[in-house]
Amino acid sequence: DALLRLIKFGELPLSGVNDIRPSVRRARTEAVLDCSEFMRIAAFLRALERILEEVRGDGREETPLRIHERALELVPLPGFLRRLEQSVKDDRELFDQASDTLFNIRVKLREAQAAVRRELDKILSQKADALQEPIITIRGGRFVVPVRSDRRGQVRGIVHDTSASGGTLFIEPMAVVELNNKIRELESAEEHEILVILQELSGIVANQYQVFMDNVDLVAGLDFAMAKAKLASRMDASLPILNAKGEILLHKARHPLIDRDRVVPIDFELGKSFNTLVITGPNTGGKTVSLKTCGLLTLMAMAGLFIPARERSEIAWFERVEADIGDEQSIEQNLSTFSSHMREIIRITDEARPGTLVL
């Protein structure tokens with residue numbers, strides 16, 4: 001179905017999908033998620049909406065594709081997504097409109113900061129000869145001006161820092177102490193309100209825990225199915241006929257890891273009129289590749305993948321696949337290597353039973 005989807009309509013719009021499960025699990029433990037986590041959750045929810053919009057538009061065929069029916073099981077959370085989009089500005093910051101309280105605090109904060117700058121601008125013009133340079137800077141979260149240490153007496157205020165050389169004092173003039181205090185109060189109130197908003201959003205995620213987890217599982221399944229479909233398309237693979245009779249019949253089968261321009265397709269049969277096949281031939285004649293082609297295509301089919309072979313190829317379902325495939329060795333060449341092969345063959349012979357494919 002995923003391959004039909006790919007051929008008829010193209011890929012599913014899966015951009016923005018990411019694994020949000022760690023954040024969802026954290027929210028369930030009453031942890032407070034941060035802005036970056038909410039950005040990822042919002043991207044995930046937007047991806048759900050895109051997938052559903054696409055499937056509803058494409059899913060009008062008489063016999064709906066099962067991959068479309070699976071996608072329609074996704075549960076979007078449009079209300080929560082809109083809330084996130086209105087609240088979370090980027091990975092570090094909330095929008096002013098995240099709450100009425102936050103909006104009011106930030107308006108007052110900007111007004112207080114402007115008032116401080118106006119007062120300090122007066123000092124910059126009135127005490128220019130006492131300043132190291134005519135700028136306003138911040139030390140310890142408070143607005144200060146850089147005063148020459150030898151002109152300290154000309155600017156009454158609190159010293160918050162000194163330069164490395166000691167020639168400059170960063171002084172908070174007495175005229176702006178109360179205004180700076182007001183700014184600090186508002187900043188504290190802002191931090192508290194941000195925490196309240198993040199706690200509320202985290203609580204919503206916790207309440208929708210199962211919805212999020214089910215959505216992740218569904219999207220992962222869709223993504224995996226589409227990945228297998230794209231692999232099948234790229235390999236020019238076909239859907240194998242599966243049987244439980246131990247029968248393998250491959251038509252023009254290709255080793256999946258050898259370039260298509262170089263691979264030599266093989267026809268391969270096992271289990272129909274005989275259950276043991278011995279492949280002989282010269283070195284570099286394709287014996288190992290043939291064995292591995294049989295094994296890999298069997299495992300691909302058992303893993304739900306199409307196989308790089310012609311249509312009507314058959315693959316059996318095996319309980320287990322055993323292999324001892326390596327460089328050809330004789331007893332004269334290397335006794336230890338030969339012995340290890342023999343030990344593996346003995347193990348396989350002892351453990352093999354009906355339903356085992358041995359290579």
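The lining of the second largest pocket is made up of 13 nonpolar, two polar and four charged residues. This pocket belongs to a predicted model, and its volume comes to about 500 Å³. Of its 19 lining residues, D1, A2, A225, K228 and G304 sit closest to the centre. Helix 1 (2-9), helix 4 (66-71) and helix 8 (209-235) are the elements that give two or more residues to this lining. Helix 8 supplies the largest share, six residues.

Now for the largest pocket, which has a volume of about 1400 Å³. If you want to find its middle, look for L291, D324, I325, V358 and L359, which lie nearest the centre among the 44 lining residues. Two or more lining residues come from each of strand 7 (266-270), helix 9 (287-302), helix 10 (335-351) and strand 10 (356-358). Helix 9 gives the most, with six residues. By class, this lining has 22 nonpolar, 14 polar and eight charged residues.

| Pocket | Volume | Lining residues | Top contributor |
|---|---|---|---|
| Largest pocket | about 1400 Å³ | 44 residues | helix 9, six residues |
| Second largest pocket | about 500 Å³ | 19 residues | helix 8, six residues |

In soluble globular proteins, nonpolar side chains tend to be buried together. The largest nonpolar core here holds 43 residues, and the members that touch the most others are F38, I41, L45, F80, L84, V205 and F212. At least two core residues come from each of helix 1, helix 2 (21-28), helix 3 (35-58), helix 4, helix 5 (78-87), helix 7 (177-207) and helix 8. Helix 3 provides the largest share of this core, 10 residues.

Leaving aside neighbours within four places in sequence, F80 is in contact with I41, L45, L201, I204, V205 and F212. Another core lies apart from the largest one and has 21 residues, including A232, A237, F268 and C294.

Because F80 lies in helix 5 and F212 in helix 8, the pair ties together parts that are 132 residues apart in sequence.

With a relative accessible area of 28%, Q208 is partly exposed. Between Q208 and G79 there are 129 residues of sequence separation, and their C-alpha atoms are 12 Å apart in space.

A last stop is V116, found in helix 6 (residues 100-126). Is V116 buried or exposed? V116 has a relative accessible area of 0%, so this residue is buried. Not counting residues up to four places away in sequence, V116 touches F143, V176, L179, N180 and I183. The C-alpha atoms of V116 and V177 are separated by 9.0 Å, although these two residues are 61 residues apart along the chain.

Terms used: Residues numbered from 1 in each chain as written. Predicted model: local features only at pLDDT ≥ 70, side-chain atom pairs only at ≥ 80, totals over all residues. Heavy atoms only, no water. 1 Å grid on protein atoms, 1.4 Å probe; cavity = no way out; pocket = protein on both sides within 12 Å on 5 of 7 lines; lining within 4 Å. Points joined across faces, edges and corners; volume = space filled by probe spheres on them. Helix = DSSP H or I, 4+ residues; strand = E, 2+ residues; numbered from the N terminus. Nonpolar A, V, L, I, M, F, W, Y, C, P; charged D, E, K, R; others polar. Core = buried A, V, L, I, M, F, W, Y, C linked by side-chain atoms within 4.5 Å. Buried < 20%, exposed > 50% of the residue type's maximum accessible area, 1.4 Å probe, protein only. Contact = heavy atoms within 4.5 Å.
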